[in-house]
Amino acid sequence: MAASSLFSSYSMSMEVSSPKIAQYPVDYLGCHRRIPSKPLGYLNSICCTSSRFLRNGKLSKWEKAERFLHKAGIRCQALEIEAAPPSVGQKFQLDDVIEAQQFDRDMLNAIFDVAKGMENIERNSAGSQVLKGYLMATLFYEPSTRTRLSFESAMKRLGGEVLTTENAREFSSAAKGETLEDTIRTVEGYSDIIVMRHFESGAAKRAAATAGIPVINAGDGPGQHPTQALLDVYTIEREVGKLDGIKVGLVGDLANGRTVRSLAYLLSKYKDVKIYFVSPEVVKMKDDIKEFLTSKGVKWEESADLMEVASKCDVVYQTRIQKERFGERIDLYEEARGKYIVNQNVLKAMQKHAVVMHPLPRLDEITVDVDGDPRAAYFRQAKNGLYIRMALLKVLLVGW
């Protein structure tokens, strides 16, 4: 959770009486951390502060506020507070983006509404300055093109700046043995939000537990990729026109595919959804996802027949067989690759309204002659990632 959200219910000014305001000062009391804009009530305060903003652990909002006041030497007397009217931001608290399970259906709809507004900003060549003065640090311990560049593009299109490191596993202090926690504590001193991709499942949770600023999970090993799942659901809604009652075929590397895991969690939020798992035996969907879907009343079925599944589904979600997850077992990789390929024959089996999606990058699991079909949605899907990530950065840094 961002340390800057400590004062989400009230604002402070130095020995002045402030009227009802819509945002915090640009530089709160000389601190280096910008405090995000939020709808507030009336507040009259008298405050004194030391010159340094001290960060705290993952405490409750009010425990953080109390500790902040003591450690930073702030002495305040709130004279009058009038509650602000209810808002989207008060209804949906979003501090970090770590896993798909943290979102419910209402929050998804709210994020999608913000994303639609971001489409208008992206089309406007002048862009937006809503995040001017904010810095985003991207820490990528695994290679990435689309995710890293879409986050950086999202930040810049909203007026913010980027501190970036690619292949941090090899070219950062991690190569010297520095712990993830120490890296996060250091980087949060330079930035306002951290976007991290890591090779270990659960690394994003560790980072969020350490950081005093928002952390976004951009993929943690075979664990999850929540922002990809958000853009996937956003794409399905825009392409198919609905989310309730859909049938989705998840194809390819389901054991190691963090994108399909996160997507399965989000699809469980909708009514009458059925999921088909189509994969080679060595990379079948893991039991934890199957058990979760069953517990939520979501129908699922395993199948070895891609053509049959394609004929039933609204979405054929193809994924790459991930060679890097097999380690030295190249024989298992060779056994899995090339077994299920989306080609013209699959397109012929699909319904006219159905779409083909892929988180990218692709190898040979979708033939290039599929690209010209209007049902090939994967490049539109990638573009939607920009809008979703713009929305998340806006919400996390300046509120709804």
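Author: Gladly, and please keep in mind that this is a predicted model.

Reader: Which residues touch the most other members of the largest nonpolar core?

Author: Leu250 is among them, together with Phe103, Ile275, Ile388 and Leu393, in a core of 69 residues. Helix α14, residues 378–398, supplies the largest share of this core, with eleven residues. Another core, of 19 residues, lies apart from it and includes Val278, Val309, Val316 and Val370.

Reader: Switching topic, how many cavities of 30 Å³ or more does a search of the whole structure find?

Author: The search finds four of them, and the largest cavity holds about 110 Å³ of space.

Reader: And what lines the largest one?

Author: Its lining is made up of 16 residues, with Ile321, Arg337, Gly338, Tyr340 and Glu365 lying nearest the centre of the cavity. Sorted by class, the lining has seven nonpolar, four polar and five charged residues.

Reader: One more, on Tyr265: is it buried or exposed?

Author: Tyr265 counts as buried because its relative accessibility is 8%, and the cut-off for buried is under 20%. This tyrosine, Tyr265, sits in helix α9, residues 258–267.

Reader: What does Tyr265 touch, then?

Author: Not counting residues up to four places away in sequence, Tyr265 touches Ala100, Gln101, Gln224, Asp288, Ile289 and Phe292. Of these, Gln224 is 41 residues from Tyr265 in sequence, while their C-alpha atoms are 9.9 Å apart in space.

How values were computed:
Residues numbered from 1 in each chain as written. Predicted model: local features only at pLDDT ≥ 70, side-chain atom pairs only at ≥ 80, totals over all residues. Heavy atoms only, no water. Core = buried A, V, L, I, M, F, W, Y, C linked by side-chain atoms within 4.5 Å. Buried < 20%, exposed > 50% of the residue type's maximum accessible area, 1.4 Å probe, protein only. Helix = DSSP H or I, 4+ residues; strand = E, 2+ residues; numbered from the N terminus. 1 Å grid on protein atoms, 1.4 Å probe; cavity = no way out; pocket = protein on both sides within 12 Å on 5 of 7 lines; lining within 4 Å. Points joined across faces, edges and corners; volume = space filled by probe spheres on them. Nonpolar A, V, L, I, M, F, W, Y, C, P; charged D, E, K, R; others polar. Contact = heavy atoms within 4.5 Å.
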